[in-house]
Amino acid sequence: MKYSPILDQVNILPLAGKVSDCPELVVQSAENSFRQKIIDICDTVTQEQKHMILVTGPSASGKTTSANKIAEELRTRGKKVNSISLDNFYVDAQNLPKWKDGYQNYESIEGLDIRHFEETVSRLLKTGSASLPVFDFSVSARTKETIDMTFDEQTYLIIEGIHALNPIISRIVDSYASAKIYISVHSEFTDDSGNTLLTARDLRLIRRILRDFTYRDTTAEETFRMWDYVLMGEDLYIRPFRRYADFHIDSTHAYEPYLYHKEILCALRETNCSSPYCATIQRLKASAERFFEMDRALIPSTSLIREFMKP
């Protein structure tokens, strides 16, 4: 499925009844639907022998987990798969570009060491082996560790990152048949009258708040500050290239707002009432309160949504 600017709408009135009466069926349906999208893409790339798979999407879209699931599905079919994360090609913090206010810009493609990426991937494709760098975000620097990787004509190579569809990156593998994949949250939750109760962008923000708090020890307030830059970066560096995608995956799982109900309200209670992000906080609270809590034990350990949940 190609990308369409028209968002899907999820009416919460019938959904709420299903979540209340048979939550396990709602979860199973959402998980099966997402898995089928992965299967369909893998069917195409194997049938058409597209050995280069470029995966991108905005923050908290689930692109890394989706790329991993594509790799897993291909391996179950007996295929050789290797993956490259563009995150490992970031330059050290002191060399990052900056926004006008001096804040470090992790969103710009200029934050990547393009020359090193091109040299490494070209070596991998020409010689069949290369050593890839490893970037440590806790210290914002490349480590001494490397990842040895091999490639041959039978290998499927997945390149994942926010700039994967940028021609500066994709041209490096243009001589190979490729599949370009764009992943996003592309559904909004509405009432019976079509009024939006939770936007797709706010669902991603909720995902990001919970993931940052759980795995990066980052407060909601800190995530709000970063989010402004994330959105600017998406408009400048990601959205202009989504038109190149051969496939679009909507990573929304219909049960998500119920799953996040309690945790996001707890996270937002920790924010300062005088916060400059007060309007956003109030909007997220109002959205969360339209849903009710569901049992997180229902979510499979293999679900993409586990990326945004406490372990």
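**A loop and its surroundings**

Guide: In this predicted model, Q49 lies in the loop that runs between helix α2 (23–47) and strand β2 (52–56). The backbone of Q49 has a positive phi of about 55 degrees, although Q49 is not a glycine.

A60 is placed in the loop between β2 and α3 (63–76). A60 too is a residue other than glycine with a positive phi, here near 65 degrees. The relative accessible area of A60 is 2%, so A60 counts as buried.

Leaving aside residues up to four places away in sequence, S178 touches K50, M52 and D246. S178 belongs to strand β7, which spans residues 178–184. Its relative accessibility is 15%, under the 20% limit, and S178 therefore counts as buried. The side chain of S178 also makes a polar contact of 3.3 Å with the side chain of K180.

Strand β7 leads on to helix α7. The buried residues of α7 pack against β7, and also against α6 (200–216), α8 (256–269) and α9 (278–288). Among these buried residues are F224, W227, Y229 and Y237. Helix α7 itself covers residues 220–238 and bends by about 25 degrees at M226.

Note on methods. Residues are numbered from 1 along each chain as its sequence is written. This is a predicted model: local features need pLDDT of at least 70, side-chain atom pairs count only at pLDDT 80 or more; totals for chains, interfaces and linings use all residues. Side-chain values use heavy atoms; hydrogens and water are left out. Helices (H or I, at least four residues) and strands (E, at least two) are DSSP runs, numbered from the N terminus. Buried means under 20% relative accessible area, exposed over 50%, partly exposed in between (1.4 Å probe, protein chains only). A polar contact is a pair of N or O atoms within 3.5 Å; within protein, one must be able to donate a hydrogen and the other to accept it, and residues adjacent in sequence count only if both atoms are side-chain atoms. Contact means heavy atoms within 4.5 Å. The bend at a residue is the angle between axes fitted to the seven residues ending there and the seven starting there.
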